[in-house]
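Visitor: I am new to reading protein models. Could you walk me through this one?

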Amino acid sequence: MPTHEYAHRRLRQAIMVGSIRPGESLTIRGIAEAMESSPTPVREALRRLSSEGALKVLDNRRIMVPKMTADRFGELMALRAVLEQHGARRAVGHITERQIDRLAEIDRALDDAIARKDKATALLLNQEFHRTLYTANPDQMIMPMVESVWLQLGPFLGIAMEHVAQLYVVDRHQEAIAALRKRDEDAVAAAIAADIREGIGGFDRGAIENLLRLAGQ
């Protein structure tokens, strides 16, 4: 893998799983040293991530993960629900039984990660579940938009995982899998909407503002 692509993927994943906090500033030199890389591929990776809305370039040539607000969080969650229900509906007519079996495997691994309290792995597996579903549609064009939202929500997820003992109570993935086997488009979309709503999307404004205060936002 080219060095610039490796740098982009590694930084992207770190942001998406909340390893970098909102408001935390970064430098090209610091990142390059941490990744044992030269500044050039890191600079290109940061430029790409800035264009995706994951980073903000400051006047002093430092780079910062944008701070989260309750209003911004609400807008991102509403957008996520619309995009992902669309992606789920469009996948129903294309997904195979083998792909549905793969979703079941991912969900079992996700349950194991949750039982181990390995929240970072659980978050990655949750994203893999959703990505596998939406990309079952060979003509999908939605993943860049979905992943842009994930990127912008990722730093807040890191905060939530620090302060919230349990993010999910009902396994809506199982509901989605059952609906997919029946090719029930409405039920699949409803399960995905519930999955989004009952995770961090279920936090009310007061809870969001409290988490942001705890994180010093």
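Guide: Helix α8 (residues 172-181) packs against helix α9 (residues 185-198) at an angle of about 170 degrees, with the axes 8 Å apart. Helices here are DSSP runs of H or I, at least four residues, strands are runs of E, at least two, and both are numbered from the N terminus. Axes are lines fitted to C-alpha atoms, for helices over the stretch in contact, and angles run from 0 to 180 degrees between N-to-C directions. This is a predicted model: local features need pLDDT of at least 70, side-chain atom pairs count only at pLDDT 80 or more, and totals for chains, interfaces and linings use all residues. Residues are numbered from 1 along each chain as its sequence is written, and side-chain values use heavy atoms, with hydrogens and water left out.

Visitor: Is α8 roughly parallel or antiparallel to α9?

Guide: The angle between α8 and α9 is about 170 degrees. Angles under 35 degrees count as roughly parallel, over 145 as roughly antiparallel, 65 to 115 as roughly perpendicular and the rest as oblique. Therefore α8 is, relative to α9, roughly antiparallel.

Visitor: Is H130 buried or exposed?

Guide: H130 sits in helix α6 (residues 119-134). It touches R80, E84, W150, H173, I192 and D195, leaving out residues up to four places away in sequence. Buried means under 20% relative accessible area, exposed over 50%, partly exposed in between (1.4 Å probe, protein chains only). The relative accessible area of H130 is 0%, so H130 is buried.

Visitor: What is the order of the strands in the open sheet?

Guide: Two strands pair if DSSP finds at least two bridges between them. Two bridges join β2 to β3 (residues 63-64). The edge strands, β1 (25-26) and β2 (56-57), each pair on one side only. With antiparallel pairing, the three strands have the order β1-β3-β2.

Visitor: Which residue is the bridge partner of K56?

Guide: K56 has its partner in β3. That strand runs antiparallel to β2. The partner is M64.

Visitor: What is the relative accessible area of I63?

Guide: I63 lies in strand β3. It touches E24, S25, L26, I28, L46, L55 and K56, not counting residues up to four places away in sequence. I63 is buried, and its relative accessible area is 6%.

Key: Contact = heavy atoms within 4.5 Å.
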